[in-house]
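Student: Could we work through this structure together? I would like to begin with how its strands pair.

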Amino acid sequence: MPTVPVVTARFEHYVQKDSETHGMFLRYIFPPHPVGFVPREKLRGYVEGNDPVTGRPLMQEAIDHLTKPLTEMEKNPVIEKKPKRPRLLEPDTEENLYRLFIENGWTDGLPIILPTEERVAEMLTGTDRDPQEVIGRMSVTTHQERLEYTVEKVAVNAVMAGCRPEHLPLLLALAATEIPSLPSSTTSFSSMLMVNGPIRHEIGMNCGLAALSPFNLANSVIGRAWTLMSINFGDARPGETFMHSLGHPVNYNNLCHAENEEESAFEPFHVEKGFKPEESTISLFRGWHYSGSNLGPAKAMADAMQKTTRMGTIIMDPLVSAHLKDEGFKTKEELRQYIAKEAQSFPQAINFIVVGGQTNPMWALTDYMHVKTVSIDEWIPKSGIKKDEKPLRMPVPVQCKDGICGIPAR
Amino acid sequence: MSKRLLTVLDPKGQPSGVFGRVLDLSNPHAILDPEGQPTTNLESFEQYKMADRLDTLEGKTVYLVETGFAGAADFMKEVQGWFEREMPSVKTVLRSKAGNMFTDDPELLREIAEHGDAAIIGVGG
């Protein structure tokens with residue numbers, strides 16, 4: 001069936017590249033961008049006017065595309081297979097390699113640690129998996145070629161992010177989900193990563209005071225590593241595969257944190273999702289909005305959700321969870337049913353997580369949907385998480401129950 | 001910085017020959033979670049060829065399919081209006097794709113194959 005796809009001129013480069021990748025040079029027409037939220041009279045002008053890419057009358061072009069015979073190339077498209085990439089880059093000075101990583105778009109724009117063979121080998125001491133084991137394929141788009149990656153590739157990106165071997169099992173579990181933190185959409189998605197279970201303490205994650213702020217090594221570098229893997233495995237290239245119009249500041253670190261299970265009045269998130277309390281898990285969420293300065297009881301939560309997102313995840317300080325229990329909500333499920341009814345939403349579209357240092361009974365309203373929870377345990381080496389002789393942990397002034405994770409002492 | 005030469009590892013993933021995913025509307029998490037969704041590969045692309053073109057649109061039926069992106073429905077109405085004014089012998093059928101812009105609509109494709117001669121689909125963007 002002869003077909004003409006219509007795509008606005010802003011996406012000319014994007015769709016032409018996509019067609020090339022698939023070996024199909026489709027006959028597009030390109031009206032001006034955007035066509036959304038513009039008056040009908042203007043759209044009529046677009047239809048009656050010229051294609052801004054070719055300068056030819058748009059509709060005449062559509063008719064030609066449907067009636068002019070196919071060229072030889074169109075009849076016999078050739079798909080150019082991408083060559084396999086070498087494992088090692090050409091040796092160069094630190095300065096030149098650093099520049100290369102930035103200019104090739106392999107970073108998040110922040111300084112990285114160069115993944116030398118020695119550093120990657122050290123990172124790989126954090127797993128007993130074969131470094132060449134393929135553990136997934138990822139694309140930030142729904143249609144482009146998904147890039148394949150090994151345990152070693154995860155270690156390379158972990159080094160770049162500033163991770164340590166103790167973080168690697170969690171990153172392998174994360175990479176194996178094949179879910180990018182940066183899905184390409186013009187609407188500028190963001191993601192959230194939360195960790196549950198014993199691994200939180202073993203690798204020194206913060207689930208307490210200022211857990212969502214940039215103080216804790218594990219929270220910071222694990223969240224960053226997800227972004228670097230999304231860039232390098234998901235092949236995020238602005239303008240080619242990645243089209244966020246505004247972008248999103250959460251993309252730098254993906255709100256990476258651990259849940260404050262010890263101080264929460266409710267059951268841990270991963271238990272709610274069917275995992276055992278002693279299992280370590282990662283939960284992934286995706287959405288757009290984060291509004292962080294809210295106070296008040298369940299009614300206030302329902303009102304806020306009803307007025308804005310009508311779905312999503314409420315991130316609450318442990319003090320809030322205790323207050324909600326005092327209000328009479330014995331479980332998250334009871335709270336979920338109440339808020340869904342009040343906010344005219346669906347219970348399955350509402351989640352609650354507990355994090356924070358109990359300095360203020362605040363909660364954040366987000367529209368983050370829960371995407372997936374996976375176990376980390378199968379990625380932990382048989383000998384356990386590799387730990388430093390002298391662990392890098394939270395700064396001393398932060399009071400912690402066991403001195404590592406940021407949970408306030410009682 | 002030191003002028004000593006370093007050898008570093010390539011951080012990018014390898015080409016896999018496996019492409020994207022086909023989003024299944026029956027899975028509400030389809031756009032969020034790629035697991036379990038079918039993928040395509042290079043070999044399957046080689047089976048796809050562009051269809052032969054028509055000699056003329058005169059007297060033919062052209063389906064105008066709006067994909068669900070903002071403005072697409074109104075744009076296609078204007079395309080339909082253009083055909084009515086400029087090429088009245090062309091019969092146009094305006095249809096909205098079921099589901100959302102990311103999902104397939106096999107039923108509509110079957111209808112177009114059965115009753116249409118050509119299609120204009122959009123607007124992406």
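Tutor: Strand S5 (residues 190–196) of chain A and strand S7 of chain A pair in the antiparallel sense over 7 bridges. Two strands pair if DSSP finds at least two bridges between them. The strands (E, at least two residues) and helices (H or I, at least four) are DSSP runs, numbered from the N terminus.

Student: Before we go on, what kind of model is this?

Tutor: This is a predicted model, in which local features need pLDDT of at least 70 and side-chain atom pairs count only at pLDDT 80 or more, while totals for chains, interfaces and linings use all residues. Residues are numbered from 1 along each chain as its sequence is written, and chains are lettered from A and ligands numbered from 1 in the order in which they are written.

Student: Back to the pairing: which residue is the bridge partner of A:Ser190 in S7(A)?

Tutor: The partner of A:Ser190 is A:Gly287. S7(A) also pairs with strand S12 (residues 369–375) of chain A, in the antiparallel sense over 6 bridges. There, A:Phe285 stands opposite A:His370.

Student: Let us change topic. How many helices and strands are there in chain B?

Tutor: Chain B has 3 helices and 6 strands. From the N terminus on, they run β-β-β-α-β-α-β-α-β. Of the 125 residues of chain B, 29% count as buried.

Student: How many residues of chain A are in contact with chain B?

Tutor: 81 residues of chain A are in contact with 60 residues of chain B; contact means that the C-beta atoms, placed from the backbone, lie within 7 Å. The chain A side has 41 nonpolar, 16 polar and 24 charged residues. Here Ala, Val, Leu, Ile, Met, Phe, Trp, Tyr, Cys and Pro count as nonpolar, Asp, Glu, Lys and Arg as charged, and the others, Gly among them, as polar.

Student: What is the order of the strands in the open sheet?

Tutor: Its 4 strands follow the order S1(A)-S6(B)-S4(B)-S5(B), with parallel pairing. The edge strands, each pairing on one side only, are S1 of chain A and strand S5 (91–96) of chain B. Strand S1 (residues 3–7) of chain A is joined to strand S6 (residues 118–124) of chain B by 4 bridges, and A:Pro5 has B:Ile121 as its bridge partner. Strand S4 (residues 61–66) of chain B pairs with S6(B) over 5 bridges in the parallel sense, where B:Glu66 stands opposite B:Gly122.

Definitions and conventions:
Two residues are in contact if their C-beta atoms, placed from the backbone, lie within 7 Å. A residue is buried if 20 or more other C-beta atoms lie within 10 Å of its own, exposed if 12 or fewer, and partly exposed in between; C-beta atoms are placed from the backbone.
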